[in-house]
Amino acid sequence: MNQNLMTQLMDRAARMAWRGHGAVEPGCMVGAVVADAGGTVLSEGRYVRFGGPHAEKQALAEAGEAARGGTLLVTLEPCNHHGKTPPCTSAVIESGVGRVVHACHDPNPLASGGTSALEKAGIEVIHHPTRMTELLNAPHVHRTRTGLPWMVAKWAQTLDGRIATRNGASKWISSERSRRLVHRERGRVDAVLTGIGTVLADDPMLTARDLHKSRRTAERVVIDDQLQTPPTAQLITSSRRVPTTICCRERLIESPLADCLRSAGARVVPIPSSGGLRALIHQEAADRNWSTVLVESGGGLLGRLFREDLVNAALVFTSPRILGDESASGPVRGFSPETIQEGVPLVPMFVRQRKDDLISGYLVGKAAD
């Protein structure tokens with residue numbers, strides 16, 4: 001099997017894997033393809049839900065005896081441990097395939113070792129990452145190595161980079177179709193993070209609405225240092241139906257307003273005096289089992305998150321409209337670079353058109369390395 005065909009089939013497996021977003025976390029999205037010696041696809045599989053059968057096992061089961069002597073291409077190294085399911089390496093060895101091509105060594109030390117186990121069984125193993133699989137596996141690698149969730153900053157902007165007018169009006173910069181896409185993303189993440197400025201200006205709900213089926217209910221999280229969230233905010237009045245967490249300074253955690261918010265159903269947690277937002281998010285991710293967080297906030301909070309290297313990716317909706325007002329709000333604040341090179345580096349992942357909007361995806365900083 002030549003390199004070009006290998007890449008094509010691996011990207012096919014990656015496209016399969018993406019369909020699991022929102023259903024497989026805290027596991028990793030995984031896709032698999034079984035091909036015969038000539039490269040003809042015999043079967044394919046993907047990780048459908050957390051705790052369910054792994055992609056390799058599905059693809060191999062569908063191929064059956066036809067897999068013998070063929071090639072298994074999988075976006076993540078087959079696991080070699082007994083977790084929620086038996087080791088995938090056992091199923092691969094029993095299938096009789098002659099070659100396994102994987103795109104990423106599993107960074108989880110409990111699951112690693114698949115390559116060694118397969119090679120001991122006489123199976124050829126090839127490491128063949130592609131650009132698409134690197135993007136696919138980046139969240140899993142990041143979470144495993146850092147203990148932090150994969151954080152995606154989302155904003156809508158005009159063509160000249162403004163997210164609101166000078167008096168705060170922002171409805172609606174993006175199209176209705178773009179907003180539906182945002183609702184879909186809210187229904188696939190563990191938390192939606194915002195700042196107190198957004199709560200006071202827009203009184204948002206931050207829920208996934210008008211969907212056929214939401215894959216998960218995201219916790220709404222507000223960074224509110226001075227504890228200014230009003231008890232009448234929609235986030236608070238709906239907090240018994242949808243989990244809501246307010247994060248404030250430690251000295252305010254036992255204040256009357258904090259008690260009022262808790263009595264309405266919200267959690268109120270302290271922002272650690274040591275470690276700031278990074279320490280907060282690390283702790284909340286561990287306590288609340290966050291895998292992916294969507295950030296929908298103004299420039300102030302986004303600037304804080306970028307400065308602490310907490311943003312991994314950006315999803316930007318650009319409207320074909322110009323405000324031309326230097327006093328209008330921009331998406332990120334708090335930086336003072338003296339040269340262009342001092343700006344935050346982004347690597348484009350994709351650009352798509354949805355109605356009149358352009359939707360751009362980027363990897364940010366270290367996530368792009």
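In this predicted model, the largest cavity is lined by Val24, Glu25, Gly27, Cys28, Met29, Leu136, Pro139, His140 and Arg143. Sorted by class, that lining comprises five nonpolar, two polar and two charged residues. The space inside the largest cavity comes to about 50 Å³, and the count of cavities of 30 Å³ or more is one. Such spaces can be found because rolling a probe the size of a water molecule over the atoms shows where empty space is left.

Attention can now turn to helix α2, which spans residues 55-63. Its buried residues are Ala55, Glu56, Lys57, Ala59, Leu60 and Ala63. In an α-helix there are 3.6 residues a turn, so residues three or four places apart point the same way. After α2 comes Gly64, a residue with a positive phi, near 60°.

The nonpolar cores complete the picture. As a general background, nonpolar side chains in soluble globular proteins tend to be buried together. Here, the largest nonpolar core has 33 residues, and Leu227 and Phe317 are the ones with the most contacts inside it. Leaving aside residues up to four places away in sequence, Leu227 touches Ile246, Cys248, Leu252, Ser255, Leu257, Ala258 and Leu261. There is also a second, separate core, made up of 28 residues, with Ala153, Leu302, Ala314 and Val364 among them.

Key. Residues numbered from 1 in each chain as written. Predicted model: local features only at pLDDT ≥ 70, side-chain atom pairs only at ≥ 80, totals over all residues. Heavy atoms only, no water. Buried < 20%, exposed > 50% of the residue type's maximum accessible area, 1.4 Å probe, protein only. Helix = DSSP H or I, 4+ residues; strand = E, 2+ residues; numbered from the N terminus. 1 Å grid on protein atoms, 1.4 Å probe; cavity = no way out; pocket = protein on both sides within 12 Å on 5 of 7 lines; lining within 4 Å. Points joined across faces, edges and corners; volume = space filled by probe spheres on them. Nonpolar A, V, L, I, M, F, W, Y, C, P; charged D, E, K, R; others polar. Core = buried A, V, L, I, M, F, W, Y, C linked by side-chain atoms within 4.5 Å. Contact = heavy atoms within 4.5 Å.
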